[in-house]
Amino acid sequence: MSTTTPRRQLRLGNFLRAVPAWTYIILSAAVVLPPVAWIVSTSLKTASGTLEFPPRWIPAPFSSEGYVGLLTSTNIRFFANSLIYAGGSIVLALAICIPAAYVATRYRSRRMETLMTGILVLSMVPAIVVFIALYSMFVKTALINTYPMMIIVYTAIICGQTILFLRNFIENIPVEIEEAAAIDGCSRMQILWRIILPLIRPGIAAVAIFIFVFVWNDFLVGTVLATTEDMKTVQNGIVRYITTGFGSFWGLFAAFIVVAFIPVLSIFLAFQRWFVAGMTSGGVKG
Amino acid sequence: MVWLYVLPVSAVFLFVFVGPLIYTAWTALHETTYYQIGKFSGLNSFVRLFSDSDLPSRIWTTLVFSLGALVIALPAGLLSAIVLNNLHRFKRSVRSLFLLPWLMSQATAGTIWLWFLNPNYGPASAITKSLGFGPTDVFSSPTSALVAVTLMTAWWSYPQAMLLFLGALQTIPEELRESLKVDGGGIWHGLVNITLPYLRNTIVSVVVVLLMLYVQMVTIILVTTRGGPIGSTETLSMRVYNQMFDKFDLSGASATAILLFAVNIALTLVAIRFRRKESL
């Protein structure tokens, strides 16, 4: 009996100490959740239901109208495009960044450091600054609205962070392994391919997640460098509903947002740790 | 050859960053009609930029927007990180809650608030109307539009600050916390005397990261107000976009872009000075 009283006091103390924290959490929820809940609610309403005022939080009747209406060839094209851009950027960025990160970590020289700093500084240049030039260069040639160009631009934007992140991984590999391989007659390329690559797999996974989310969530590249509808991205698709919308489009718009968010949300829930690591490796995003 | 390994990356950067930057400087020094470059005009477009009576108000807007979002996102990010770091139960759920705005794209964040604040059908309007204020027509008046865009940007970006702070908080040595417990210091005492001094460099780098983000923010403004009404939410970045794609003024846009680039370089220099491996 004598042991329960202090424990109870301890619990009460913990409880009281947790009050400010939970007050903050509840306040945050009150700021973060309402627009999200409102979108989910809107996506489940009928067309006329979205125009009710005062608004209803719980749809009556429930309707899958919005989601069914999404299945148009234009919308499918938006999703396919974003997948192509994301997939292409992951492949290209890894193909060019892994070798660069490797030599930048293992063959340090002043010139190499200068080059890496240059790449890092350049990747922090505001996107809009280079986009106006890219746009006016591309429209004069046949380069605008092509998959390779879009992929190269996406890749360039995320390269700085990708290299930085991969370098941290490569640094943690003991040099002795590579030295042993070199003595056995491995060339530099073989060392990179057979030894480094398998060892930095978690890093590659985190980078791939980061690139996917970046490309999937990006609005500006698709807006500026894809001028025809058939090259636009998922994010352009969201905004398209409210800029060219006529009649009642809110249900479709909300359903589109929910569907577009599902890939990012599921990746986040499945790979929380890698996701957070990849996303914070570089400072600036978007 | 070691340099072969960095050749592809360098080529991509020359093509996407260096080339366009030179091209931008080049177009700023020439007359342009639509996207055609005309004859050399010296610093004319810069003279035009700095004598534009709108420029001071655009710079003011950029300052209000960036600093406004910063003073909200920075404390919110720090507080969220501290709360999360001291939480023992429901940690994952609370972290997901805090991160939610940032997981969305900027376009999503902008448009869902647009719909939430819709003057005719939105729940915000229902609340203000029932209180007798009339509909929430925030995007039709200059001041409220700027406030709304700033708040939305802070709402979207504070989790990024939180993640950077969280990373730094986890490196606070255990002995420091222990010594605090022995001293019998409270939460406030610990925050002021241990956490904040320990995070000093992190705070500087988070400030720079956020400012860079805000200075180059286009998407949230573009999907909500496009810089309006009457230019009240047109930051420098948004002005570059509008000059280019609304007024088809390539040399004007290039001159503004060069100014924006200069601001960015200044921020980058600060960032490099206070560089920490994880945050830059």
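1. Interface between the chains. In this predicted model, 68 residues of chain B are in contact with 65 residues of chain A; two residues are in contact if their C-beta atoms, placed from the backbone, lie within 7 Å. Helix α1 (residues 7-28) of chain B supplies the largest share of the chain B side, eleven residues. Helices (H or I, at least four residues) and strands (E, at least two) are DSSP runs, numbered from the N terminus. By class, the chain B side comprises 50 nonpolar, 17 polar and one charged residues. Ala, Val, Leu, Ile, Met, Phe, Trp, Tyr, Cys and Pro count as nonpolar, Asp, Glu, Lys and Arg as charged, and the others, Gly among them, as polar.

2. Conventions. Residues are numbered from 1 along each chain as its sequence is written, while chains are lettered from A and ligands numbered from 1 in the order in which they are written. As the model is predicted, local features need pLDDT of at least 70 and side-chain atom pairs count only at pLDDT 80 or more, whereas totals for chains, interfaces and linings use all residues.

3. Overall form of chain A. The secondary structure of chain A consists of 13 helices and zero strands. Its radius of gyration, taken over C-alpha atoms, is 25 Å, whereas a compact globule of 286 residues would have a value near 19 Å; the globule rule is 2.2 Å times the number of residues to the power 0.38. The C-alpha trace of chain A spans about 80 × 75 × 30 Å along its principal axes. Of the 286 residues of chain A, 44% count as buried. A residue is buried if 20 or more other C-beta atoms lie within 10 Å of its own, exposed if 12 or fewer, and partly exposed in between, with C-beta atoms placed from the backbone.

4. Domains of chain A. The assignment gives domain 1 (4-43) and domain 2 (72-280); such bounds come from an automatic or database domain assignment. The domain centres, taken over C-alpha atoms, are separated by 36 Å. Four residues of domain 1 of chain A are in contact with six residues of domain 2 of chain A. The domain 1 side of this contact divides into two nonpolar, two polar and no charged residues.

5. Nonpolar core. The largest nonpolar core has 164 residues, and those touching the most other members are C97(A), A100(A), V153(A), I211(A), L225(A) and F165(B). Such a core is a set of buried Ala, Val, Leu, Ile, Met, Phe, Trp, Tyr and Cys residues joined through C-beta atoms within 7 Å. Helix α7 (residues 142-169) of chain B gives the largest share of this core, 16 residues. Both domain 1 and domain 2 of chain A give residues to the core, so it lies between them. Apart from residues up to four places away in sequence, C97(A) touches C159(A), T162(A), I163(A), L166(A) and V9(B).

6. Helix α11 of chain A. The buried residues of α11 (residues 234-243) of chain A are V234(A), Q235(A), N236(A), G237(A), I238(A) and V239(A). Their packing partners include α3 (73-106) and α12 (250-270) of chain A as well as α5 (106-116) of chain B.

7. A148(B). This residue is found in helix α7 of chain B. A148(B) is buried, with 20 other C-beta atoms within 10 Å. Beyond its neighbours within four places in sequence, A148(B) is in contact with L117(B), V138(B) and F139(B).

8. H30(B) stands opposite F40(B) in β2(B). Two residues lie between the strands, and Y34(B) takes a positive phi near 50 degrees. Y34(B) is exposed, with 9 other C-beta atoms within 10 Å.

9. Further backbone features to inspect. F90(B), which is not a glycine, has a positive phi of about 60 degrees and lies in the loop between α3 (55-85) and α4 (91-103) of chain B. The peptide bond from A60(A) to P61(A) is cis, with omega near -5 degrees. Another cis peptide bond joins G228(B) and P229(B), with omega about -10 degrees.

Methods:
Two strands pair if DSSP finds at least two bridges between them.
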